[in-house]
Amino acid sequence: MNEGVRWLTEDEQRVWRKYLAATSMLSEYLERRMQQDAGIPHTYYEVLVSLSEAPECTLRMSELAVRSRFSRSRLSHAVTKLEAKGWVVRTSCPSDKRGAWATLSEQGRAVLEAAAPDHVEAVRKALFDVLDAEQVHRLGEITGAIIDGLAEECEAVEADAGEGAD
C-alpha cells in the first residue's frame with residue numbers, strides 16, 4: 001500500500017458507500033419523478049427555480065451556472081432547450097459583449113408553478129418523511145460542513161473555468 005495515504009477506516013468506508021448510494025438514489029428518484037410528473041428533466045427544473053428566485057427573474061449566465069452547479073457548456077445547452085420551449089429568454093449583455101442574461105418567461109413561470117407541488121411532495125417523501133426532526137437538523141449541519149469544506153476548492157475551479165465568456 002502507498003505510505004502516507006490516509007485510507008478510510010472500515011466505518012468510514014461503510015458511511016461513504018451509504019452516502020454515495022443515498023445521493024445517487026435520491027437524484028435518480030427525483031429525476032424519474034420530474035420526468036413522470038412534469039415531463040421535463042430535473043436539471044431544467046433547477047434552472048427555472050434559480051431564475052425564479054433571482055431579482056426580476058434574470059441572471060447572468062455565469063451566475064446561473066454557479067447557482068445550478070453546471071458547467072457553462074451544460075448550462076448553455078439546457079438554456080438553449082428552455083429557450084426553444086419558450087420558458088427562458090436569453091439576451092446579450094450590453095456592457096459586456098461576451099456576457100449574456102437568462103430570464104424566466106411567463107410561460108416558464110407557469111411550467112415551474114405547475115411542477116413545483118409534485119416536486120416538493122417527491123422531496124418530502126424521499127428525504128424528509130424518512131427522517132425525524134433531529135436527523136433533519138443534523139443533516140443540515142453535515143451537508144453545511146461538506147459545502148464549507150469544498151467551497152474554496154470549488155470556487156477556484158469555477159474561477160479557472162470562468163475566465164472567458166458567459
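This is a dialogue about how several labels are assigned in a predicted model.

Trainee: Why is Cys57 called buried?

Mentor: Its relative accessibility is 12%. Buried means under 20%, so Cys57 counts as buried.

Trainee: And why does Cys93 count as buried?

Mentor: The relative accessible area of Cys93 is 5%. The cut-off is under 20%, so Cys93 is buried.

Trainee: What makes Asp11 and Arg14 a salt bridge?

Mentor: Their closest N and O atoms are 2.4 Å apart. The limit is within 4 Å, so Asp11 and Arg14 form a salt bridge. Both residues lie in helix H1, 3 residues apart, which is about one turn of the helix.

Trainee: Why is Asp11 called partly exposed?

Mentor: Asp11 has 45% relative accessibility. Buried is under 20% and exposed is over 50%, so with a value in between Asp11 counts as partly exposed. Arg14, at 42%, is partly exposed as well.

Trainee: What makes Arg67 and Glu63 a salt bridge?

Mentor: The closest N and O atoms of Arg67 and Glu63 are 2.9 Å apart, and the limit is within 4 Å. Both residues lie in helix H3, 4 residues apart. Arg67 is partly exposed at 39%, and Glu63 is partly exposed at 31%.

Trainee: Which residue forms a salt bridge with Arg90?

Mentor: Glu83 does, with the closest N and O atoms 3.0 Å apart. Arg90 has 25% relative accessibility and Glu83 has 30%, so each counts as partly exposed. The structure holds 4 salt bridges.

Trainee: Which residues have the most contacts inside the largest nonpolar core?

Mentor: They are Leu48, Leu51, Leu64 and Leu75, in a core of 27 residues. Elements giving two or more residues to this core include helices H2 and H5 and strand S3. H2 gives the largest share, 6 residues.

Methods. Residues numbered from 1 in each chain as written. Predicted model: local features only at pLDDT ≥ 70, side-chain atom pairs only at ≥ 80, totals over all residues. Heavy atoms only, no water. Buried < 20%, exposed > 50% of the residue type's maximum accessible area, 1.4 Å probe, protein only. Core = buried A, V, L, I, M, F, W, Y, C linked by side-chain atoms within 4.5 Å. Salt bridge = Lys/Arg side-chain N within 4 Å of Asp/Glu carboxyl O.
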